[in-house]
Amino acid sequence: MATKASRAAARMMIAPSVILLLAWMIVPLSLTIYFSFLRYNLITPTGNPFVGWENYYWFVTDPSFQAAMLNTLMLVGGVLLITVAGGIMFALLLDRPMFGQGIIRIMVIAPFFVMPTVSALVWKNMFMNPVNGMFGQIATSLGFQPIDFMGQIPLLSIILIVSWMWLPFATLILFTAMQSLDQEQLEAAEMDGAGSFSRFVFIVLPHLARAITVVILIQTIFHLSIFAEILVTTNGGPGTASTNLTYLIYVSSLLQFDVGLGSAGGVIAIILANIVAIFLMRMIGKNLDA
Amino acid sequence: MARAVSNRTRALNTAVAGTLGFLMFFPILWIFILSFKTEEDAIRAPLEVLFGSGWTLDSFFTVQERSDYFKHFANSVIISLGSTFVGLLIAIPAAWAMAFVPARHTKNVLMWMLSTKMLPPVGVLVPIYLIFRDYGLLDTRIGLVIVLTLMNLPIIIWMLYTYFKEIPGEILEAARMDGASLREEILHVLTPMAIPGMASTVLLNIILAWNEAFWTLNLTAANAAPLTAFIASYSSPEGLFYAKLSAASIMAIAPILIMGWFSQRQLVRGLTFGAVK
Amino acid sequence: MGLKRILLTASSVALAAGTGAWAEEITIATVNNADMIVMQSLAPQWEEATGNSINWVVLEENVLRQRTTQDIATDGGSFDIIFIGAYEAPIWGANGWLVPLNDFADDPDYDLEDIFQLVRNGLSDKDGNLYAVPLYSETSFTFYRTDVFEAAGVEAPTEQITYTEFADIVAKVHDPDNGIFGTCQRGKAGWGENMAFIGPLANAFGARWFDMDWQPQLDSPEWNAAITYYVDLMTNYGPPGATGNGHNENRALFKDGKCATWVDATSAANDVKNPNTSTVADVTDFFQAPKQETSNGTGWFWSWALAIPASSQKVDVAKDFLKWGTSKEYFEMVGETEGWVAVPSGTRQSIHEDPRLLEAAPFAETIKNAIFSVDPANPTRDPVPYTGIQFVAIPEFQGIGNYVGQQISAALAGQQSVEQALANSQQFAVREMTRAGYIE
């Protein structure tokens, strides 16, 4: 249906976005690649000599690197698991008839509007602090030893905080998807004697599949570069227990001011992100006629 | 709903969902309460905080004295609205073209755009910092608008694309038959139909831009610093600070929270990313 | 760099001369420590007197360091005045990043000589160029609760005790059932956080960072003894969540009456002894930081100071503020408005001799003597090629110190053994020193 003229017009219309994003990607990226081959430390001006693959060697052999890779995966995976499962639960729940659904929905959605820095600070201090935090106070008053969240289970604590912020997002999307579910189909299944579990597995879940993929895609994009939450809670520690790849790059380039090393890490992270991206796109591509 | 539901079931559902919803909301409620307490009261046991202590506005005044809330607030508003507006300007034509004049590579282009969002920002901070320095964009609102526009552009395009795609092509053809120009087509036919979708795109982007805490912290000093920088100075305690932190937090999140609550209907309706057929 | 600086100074002088008494707006990057917050609250007086205005950028210490370093090293020019410490001043000055303040000596009203020589030396490079002026200086000593000691029947030491003796005392005063922990020490990772306590502790146990050939020594038995002691002490007698506690967190705990002992900065004393801000003002006293194998380098040395980045366009206005903020009159003003107990310590001779201070804060004399007892040039039992007590005055130290701090905090959290932490640290230090070309 599209004519030649409209095709040309279409190209013109897409061009600004493509050019801008291309520039946004290529300019810093090429500088990053360039820096990654230099000995470039901000605090020791040395004229930035070319050092070949040295930075890559040091970054990959850094004992923290492996831990950071693993933590990145656990962080993304953990948050996805909690938010998708919790989101389905909330979506099913909110879809049922009840009083004051609007108010309840508002309460569920609220955490999504909170700044990552604020929610991390609030959870860390007001709730998870073992001495003055609420969990600690409750545990102590019941005669239990309070949990030192940031010391003993740092990564899990961060996963919980991030999940709290993103559960509303998953709920929103899954809830919207629920509303287009064919009620008659459900009722027919019920008439045929299908239990609520098999109705869920064979009708609801397939219906939500598309929405779930979207949730996974969008959240993965955001969770791969989680940073602020780690910075204000654990600083990646203790040791490297909560250091993800983004945070490790931050440590190299902005705490050790070793821009060369950090850039090498950046390039590695970009390559890994692209691998994940390709993997996700394949998965989404099947599920999404985008 | 076809089935009649007994009030008892309704009440039960309400109780379960209400409890869970309240738990989700509780942290926000709690800092709201703490922000009206004195520092000494704020660290007392939860029940004492609720029933055994007075209320005060002191923390808000202390926070305001430390750093001018309204300046940061104005910056946040300008940056988030600005980047959303500029983003829309660039994204609407692109999304339109992709939705209505699909070419062989449209899907790949879209996916590539999304993949640019996966780059870890920290990996390109130093280059961006140097570029910003050379162009005098450090600590300017314009600089932040540029960065945040580019950050969120892929999401805007994708969302708009999915909404446009749901608009039946026949309507456009009919308009075209009637001799509408491309501009008229976009303005008078497409836009009204896409308004709910655009509304939720705008909302989501304002939220994302408002809460963005990496670029806004690293590229600003004083002049362009938004509320994320306002809150950053409370990340290390000095003495008792729960009440101050709570007050500052409430001040930082309240505008977006209120906006979100009032517009949640639009947000819910539109936030599908094409997930709903 | 010299020419550039001359040009810069010349141009700013010309600018100032050309525009007369034009009001300028300067940007100051600062940390949220108590003394800086006081300065912020008094600064409007300077703004009124001069017609200039100030943009304050208040950041947490680690973030401040990252932001200012990034800006100054890339010549970003975002700040006109920054707060830096005794570690940064000589290194950054030598890089040509800071405006030298030698001309402050020519101003008789300012009286530079009145600022303690030791402190000025710490903020100057090898050639004696001054790059920053101090708001306050500090060493470390032991805060303790007189009431808790009395209740436990423990005599407070009058001479420098050993860490072994210190642990005995801590064991006696540890009373977690009543919410009092035997000791609060820094556990939050970072070269300016846990390593500030651990550095002097390691020195006391006879450890050193590098030998005379710059070979890292972190796998030595001395380091092992020190860190084992630290982890045992904190695990047995420390508060829960110690790996998250830095200076400010511990200060809050101590002021809230939750700690019986605390080895930390003397500069916290005026806050802890201030009845307006502390619940333990009347029952806190001090003794020297402990020793062990040696008493060399057992108390650290640090100052927080104001400096002007070479990239600032408003050097003259900035200098004016620096003089105001570290002048005798400023400290007197703090005394008058906030109470003399709140006056920052370890900066000016005349302030330390002021009878008003001596009356309100009798401990000021103890602090001054403690500061004068440190010798950053002679920090360890065995000879070393570096100066600095809780830090090593080389640019590479930040990265190494942060890494070692992380490893030790992981050992404190029980995630790895002390041996493992120190082995990793040694490996990292060797790698960094190799990259920097100190060793083969």
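Q: How many residues of domain 1 of chain C are in contact with domain 2 of chain C?
A: Two residues are in contact if their C-beta atoms, placed from the backbone, lie within 7 Å. Here 17 residues of domain 1 of chain C are in contact with 14 residues of domain 2 of chain C. This is a predicted model, in which local features need pLDDT of at least 70 and side-chain atom pairs count only at pLDDT 80 or more, while totals for chains, interfaces and linings use all residues. Residues are numbered from 1 along each chain as its sequence is written, and chains are lettered from A and ligands numbered from 1 in the order in which they are written.

Q: Where do the two domains of chain C run?
A: Domain bounds come from an automatic or database domain assignment. For chain C, domain 1 covers 2–138 + 301–361 and domain 2 covers 140–300 + 382–435. Their C-alpha centres lie 29 Å apart.

Q: Which elements of domain 1 of chain C give two or more residues to the side that touches domain 2 of chain C?
A: Helices (H or I, at least four residues) and strands (E, at least two) are DSSP runs, numbered from the N terminus. In chain C the elements are helix 3, helix 4 (88–94) and strand 4 (133–138). The residues on this side of domain 1 of chain C are 12 nonpolar, 3 polar and 2 charged. (Ala, Val, Leu, Ile, Met, Phe, Trp, Tyr, Cys and Pro count as nonpolar, Asp, Glu, Lys and Arg as charged, and the others, Gly among them, as polar.)

Q: Is strand 8 of chain C buried or exposed?
A: A residue is buried if 20 or more other C-beta atoms lie within 10 Å of its own, exposed if 12 or fewer, and partly exposed in between, with C-beta atoms placed from the backbone. In strand 8 (residues 302–307) of chain C, 6 of the 6 residues are buried, so the strand is largely enclosed by the rest of the structure.

Q: What covers the two faces of a strand like this?
A: In a regular strand the side chains alternate between the two faces of the sheet. In strand 8 of chain C, one side holds C:Trp302, C:Trp304 and C:Leu306, the other C:Ser303, C:Ala305 and C:Ala307, and all are buried.

Q: Which strand is joined to strand 8 of chain C by 5 bridges, and which by 4?
A: Two strands pair if DSSP finds at least two bridges between them. Strand 4 of chain C pairs antiparallel with strand 8 of chain C over 5 bridges, and C:Ser137 has C:Ser303 as its bridge partner. Strand 3 (residues 81–85) of chain C is also antiparallel to strand 8 of chain C, with 4 bridges; C:Gly85 stands opposite C:Trp304.

Q: How many residues of chain C and of chain A take part in their contact?
A: Chain C gives 29 residues and chain A gives 25 residues. Helix 17 (397–412) of chain C is one of the elements supplying at least two residues to the chain C side, and its 8 residues are the largest share. That side divides into 9 nonpolar, 17 polar and 3 charged residues.

Q: What is the mean pLDDT of chain C?
A: pLDDT is the predictor's confidence in each residue, from 0 to 100. Chain C has a mean of 90, and 95% of its residues reach 70 or more.
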